Amino acid sequence: MAGAYSQDLRDRVIDAMVGEGMSRRAAAARFGVSEFSAIKWVQRFERNGSRVASRMGGYLRPKLEPHREFLEALRSEKADITLQALCGRLLAERGVRADTSMMSRFFRRIGVTLKKRR
């Protein structure tokens, strides 16, 4: 994953646009950054005065983890229940919206495969 641009480069781009009155696209071309980056840096600077890079990435707690016991109980109650049915029951009984791909990743993470066997 790519890292953030250096703070020095970020400052020079913002100074060229705000201090010198250069257009955002011209400043981006001058310093060799994308137009999108230059535009976003100045928008952020104008909005809250911040020149530093925002946080990148981070850990997101799985949304379904607090409902693990409930989902495992549903699965043990009916072994061939579909992911769609699990999503429906979770929404109806717990008020948590989940889609089938999220449900699939959750079960894979806890070591459960939902493959039908003959």
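Axes in these legends are lines fitted to C-alpha atoms, for helices over the stretch in contact, and angles run from 0 to 180 degrees between N-to-C directions. Helices are DSSP runs of H or I with at least four residues, numbered from the N terminus. The model is predicted: local features need pLDDT of at least 70, side-chain atom pairs count only at pLDDT 80 or more, and totals for chains, interfaces and linings use all residues. Residues are numbered from 1 along each chain as its sequence is written, and side-chain values use heavy atoms, with hydrogens and water left out.

**View 1. Crossing of helices α1 and α2.** The axes of α1 (residues 7-18) and α2 (residues 24-31) come within 9 Å and cross at roughly 140 degrees. The crossing of α1 past α2 is right-handed, a term that applies when the near helix is turned clockwise from the far one by less than a right angle. Contact means heavy atoms within 4.5 Å; on the α1 side L9, R12, V13, A16 and M17 take part, and they meet R24, A27, R30 and F31 of α2. By class, this contact has 6 nonpolar, no polar and 3 charged residues. Here Ala, Val, Leu, Ile, Met, Phe, Trp, Tyr, Cys and Pro count as nonpolar, Asp, Glu, Lys and Arg as charged, and the others, Gly among them, as polar.

**View 2. The buried side of α1.** Buried means under 20% relative accessible area, exposed over 50%, and partly exposed in between, with a 1.4 Å probe and protein chains only. In α1, the buried residues are L9, R10, V13, I14, A16 and M17. They cover an arc of only 160 degrees around the axis, which puts them on the same side of α1. The arc is that of the directions from the helix axis to the C-beta atoms. The buried residues of α1 pack against α2 and α3 (35-48).

View 3. A27, A28 and F31 of α2 are buried. Their directions span an arc of only 100 degrees around the axis, which puts them on the same side of α2. Elements covering these buried residues include α1 and α3. On the other side of α2, R25 and A29 are exposed. Just after α2, G32 adopts a positive phi of about 75 degrees.

**View 4. K40 in helix α3.** K40 belongs to helix α3 and, at 40% relative accessibility, counts as partly exposed. The C-alpha atoms of K40 and R24 are separated by 9.6 Å, with the two residues 16 apart along the chain.

**View 5. The two faces of α4.** In α4 (residues 68-77), F70, L71 and L74 are buried. Seen down the axis of α4, its buried residues fall within an arc of 95 degrees, so they line one face of the helix. These buried residues pack against α5 and α6. The face turned away from the buried side of α4 carries the exposed residues E69 and S76.

**View 6. The loop between α5 and α6.** R97 is found in the loop between α5 (83-94) and α6 (100-109), and G95 also has its place in the loop between α5 and α6. R97 counts as exposed at 60% relative accessibility, and G95 counts as exposed at 56%. Not counting residues up to four places away in sequence, R97 touches K63 and L91. G95 and E65, 30 residues apart in sequence, are 14 Å apart in space, C-alpha to C-alpha.
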